[in-house]
Amino acid sequence: MNRKKYKVILHYIIKECGSKPNFGKTVLWKLLYFADFDFYELYEKHLIGEKYKNIKYGPAPVRFNKIIGELKSEKKVKEVKEKIGRYDKKRYIALEEPNLEVLSGNEKELLDNMIKRYGSYNASQIEEVSHKDIPVRATGRGELIEYELVFYREPPFSIRSYEKKE
């Protein structure tokens, strides 16, 4: 896992999406998942290299609490708790601009495209979408999701153009 890149990407997603009313911890988790798995499908290497566990609500980043805790203690992001009906919602707000120097142009472009694609989804919508992705569907509850499963994705999840052999 690339800890430095993880922190920058997490910070960047929070900066880009934190002010949206739909944005909370669940949406953030799924955006991290799609960024990591989409990048792996396109370039066959890890963006962050986080491990994701398949839980009831879809893919969950295993080291998230540690990394978000570091960003909070560095005063780069702030956690805000809201009561939405009977649910508690954790939101994150960027307190400063992330330093994007560790990201390549391809990495930033992928993040921006993924945010455009899924950044406005609410928790229920993005959870439902993530459950339809092959890596999640092919993984048992409580198990770690294997990155190699991205090569079995179907539209609309597959973002790589595969040449057909004749």
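Biologist: Which elements each supply at least two residues of the lining of the largest pocket?

Modeller: In this predicted model, they are α2, β4 and α5. The largest share, 5 residues, comes from α2.

Biologist: What makes a residue part of that lining?

Modeller: A lining residue has an atom within 4 Å of a pocket point. For the largest pocket, 19 residues line it. T26, Y87, D88, K89 and A123 lie nearest its centre. The volume is about 610 Å³.

Biologist: Which residues line the second largest pocket?

Modeller: K4, K7, V8, H11, L71, K76, E96, E97, P98, N99, E101 and V102. The element that gives the most is α1, with 4 residues. About 180 Å³ of space lies in this pocket. Its lining has 4 nonpolar, 2 polar and 6 charged residues.

Biologist: P98 is in the loop between β4 and α4. Why does P98 count as buried?

Modeller: Buried means under 20% relative accessible area. P98 has 11%, so P98 is buried.

Biologist: What does P98 touch, beyond residues up to four places away in sequence?

Modeller: V8, H11, Y12 and K15. V8 and H11 also line the second largest pocket.

Biologist: How do you know which residues count as a nonpolar core?

Modeller: Two tests apply: the residues must be buried and of a listed nonpolar type, and they must be joined through side-chain atoms within 4.5 Å. The largest such core has 43 residues. Those with the most contacts inside it are L10, I13, L31, L32, F64 and M114. The elements that give two or more residues to this core are α1 (3-17), α2 (25-43), α3 (64-73), α4 (105-118) and α5 (123-132). Of these, α2 gives the most, with 11 residues.

Biologist: Which residues does L31 touch, leaving out those up to four places away in sequence?

Modeller: I13, C17, F23, M114, Y118, G119 and I126. I13 and M114 are also among the core residues with the most contacts.

Biologist: Where are E44 and K75?

Modeller: E44 is in the loop between α2 and β1 (52-55). K75 is in the loop between α3 and β3.

Biologist: Why is K75 called exposed, and E44 partly exposed?

Modeller: Exposed means over 50% relative accessible area. K75 has 61%, so K75 is exposed. E44 has 48%, so E44 is partly exposed.

Biologist: Which two residues does a cis peptide bond join?

Modeller: P155 and P156, with omega about 10 degrees. P156 is in the segment after α6 (134-137). Most peptide bonds are trans.

Key
Residues numbered from 1 in each chain as written. Predicted model: local features only at pLDDT ≥ 70, side-chain atom pairs only at ≥ 80, totals over all residues. Heavy atoms only, no water. Buried < 20%, exposed > 50% of the residue type's maximum accessible area, 1.4 Å probe, protein only. Contact = heavy atoms within 4.5 Å. 1 Å grid on protein atoms, 1.4 Å probe; cavity = no way out; pocket = protein on both sides within 12 Å on 5 of 7 lines; lining within 4 Å. Points joined across faces, edges and corners; volume = space filled by probe spheres on them. Nonpolar A, V, L, I, M, F, W, Y, C, P; charged D, E, K, R; others polar.
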